[in-house]
Every structure is written in structure tokens, then in C-alpha cells.
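Welcome, and please open the structure in your viewer. We will go from stop to stop, with something to select at each one.

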Amino acid sequence: MQKFIKKIVSYLWPFTKEVSSKINGTLEVTWMNGKKVLDSQNANYSYGSLQKLLTYGLTKIEIPTTSEILLLGLGGGSIIHSLRNKFNHQGKITAIEIDEVVIKIAKDEFNITHNHNLEINCEDAFSYIGQCKKQFEIIIIDIFIDNQVPKQFYQNTFWKNLIPLVKVDGYVVFNAGINVIENSAIKHLKSLVKPDIDFIQYNQVQGTNTLLIGKKYSNILPNDTVESLSF
Ligand SMILES: C[S@@+](CC[C@H](N)C(=O)[O-])C[C@H]1O[C@@H](n2cnc3c(N)ncnc32)[C@H](O)[C@@H]1O
């Protein structure tokens, strides 16, 4: 069926294509109400609530038009759409994605392709951060396997390697998990990154997710803040 017809029919009958991945299990590309989304078995990966909550997070920071952004977790690339179309971001984005099946879905289903301003690397973000020598104005961490953030992305090694990659006055936006408000790993992480980064915690974003958003300071230590949001 042609794309236009699929879009119209999807207002009446959503339809889903399943794609199997060794890393992410069964992924679903679904046309619903004229829009295509990417889901894992228990979570939206792209173009649904995930895109809304990350877009919300990005309204909390400054995004210079030509800034360099590192995105860990490409999924279907929905936040790249938001950056380009809603925030008018035109600078280079480097996206790191562990699953080649997901990279193919991003390309074939959502038209997200490697080009001069979008570098897509099929790699484990943990290893990438361990050997990367570049700095970025903004780092977005959006790494999930189904509805879980893998443990190593809360831990010392990852953050000790990541902090030097953020430019002073740059930002980190971490989609820190689903229903994890009182999570001890998050509490530990917030103290671990101080004084370099002082995270503000946004809870129940899109009803479920916790976002940590912080600016990299050179030498000041602002007070810790917790903000609770429900919308
Ligand atoms: C929620 S999706 C990302 C959605 C994407 N940020 C967007 O805007 O549409 C989470 C992604 O993290 C990827 N991922 C999981 N573990 C990873 C790892 N160790 N390194 C890189 N990517 C990983 C998954 O394959 C999945 O595509």
C-alpha cells in the first residue's frame, strides 16, 4: 500500500509491521492516526510519548543553531526531527546506536540517513564514550533496551568518561528511566557528577519518565533542585 493511503487508512485501522532484532527483541512500526511510531514490546521508542518528553526536556536548555550535539540512542530518530524542525538546529549531530536493525528502521521507515550533518555510528555508546576525544555543546542520553536503561549508564565509569566531553556551559539531557523517581542509582549519579554538572530532576514527564537535565559548570556549585512535574 502506498504511504499516502496507509496514512489515511490508519485513522480507521492502525496497522503494525513487526521487525525482529537480536538486541531489542520484537520492534513494531505502527501507523496510527496518520502517524508512524516505533515501539518495543513495552515502551514507545520514537515518534510518540518518547519524542514529546525529550522535546519537553530540550525546551529547558539553550540550543545554539550551529551547536554540535551527541545523541546516544538513535531509535527511529524522532528527536532529530524535533531538533531540526522545532528548535531550528542546523549543526552537526552525531548519533550512536548499538542496533543495526534499528538504524535500518530509522532509514527505511523514518527517512533518517547519514549525511554531512548527521553522522550515525553503529556502536555501543558505553565504548564510544570511553574512547571519544571530541567535545559537544549538548549530549542527549536516550538509551533503553525495551523499558529499561542498562545499568552501566548510571555508573561511575560512564559518567567520568562523559563529563569531559561536554563543553563548559554545555548541557546534558538524560532520559533516566521509567518509574524511577526514588531510584538509588539516580540519587547516586546526581551526587557523582557534582560539582561539574548539577542535575535538575523532572519527574513523571509524560506521566512516567524521569529526566535529568544539567549544565556543565566550570567551577560553581549551585544548590541541588528537584522539580516534580505531571502533565
Ligand atoms: C528510546 S530509543 C531512542 C529513541 C531516539 N532517541 C529518538 O529520538 O527517537 C532507545 C535506543 O537505545 C538503543 N541502545 C540501547 N543500548 C544501547 C547502547 N549500549 N549503545 C547505543 N545504543 C543503545 C536502542 O537500540 C534503542 O534504539
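Helices (H or I, at least four residues) and strands (E, at least two) are DSSP runs here, numbered from the N terminus. This is a predicted model, in which local features need pLDDT of at least 70 and side-chain atom pairs count only at pLDDT 80 or more, while totals for chains, interfaces and linings use all residues. Residues are numbered from 1 along each chain as its sequence is written, and side-chain values use heavy atoms, with hydrogens and water left out.

**Stop one: two loops**

Start with the loop between strand 8 (136-141) and helix 6 (156-162), and pick out Asp-146 there. Asp-146 has a positive phi, near 55°, although it is not a glycine. Next, select the loop between helix 7 (184-192) and strand 10 (197-205), where you will find Pro-195. The peptide bond from Lys-194 to Pro-195 is cis, its omega being near 0°. For background, most residues other than glycine have a negative phi, and most peptide bonds are trans.

**Stop two: the ligand**

Which atoms lie 2.5 Å apart? They are a polar side-chain atom of Glu-97 and an oxygen atom of the ligand. Move on to Asp-124, where an N or O atom of the side chain is 2.9 Å from a nitrogen atom of the ligand. At Phe-144, a polar backbone atom is 3.4 Å from an oxygen atom of the ligand.

**Stop three: the pocket**

A pocket is an open set of points on a 1 Å grid over the protein atoms alone, where a 1.4 Å probe fits, with protein on both sides within 12 Å along at least five of seven lines; lining residues have an atom within 4 Å of a point.

Select the 37 lining residues, of which Tyr-45, Asp-142, Ile-143, Phe-144 and Ile-145 lie nearest the centre of the pocket. Finish on helix 2, which gives the largest share of this lining, four residues.

Technical notes
A polar contact is a pair of N or O atoms within 3.5 Å; within protein, one must be able to donate a hydrogen and the other to accept it, and residues adjacent in sequence count only if both atoms are side-chain atoms.
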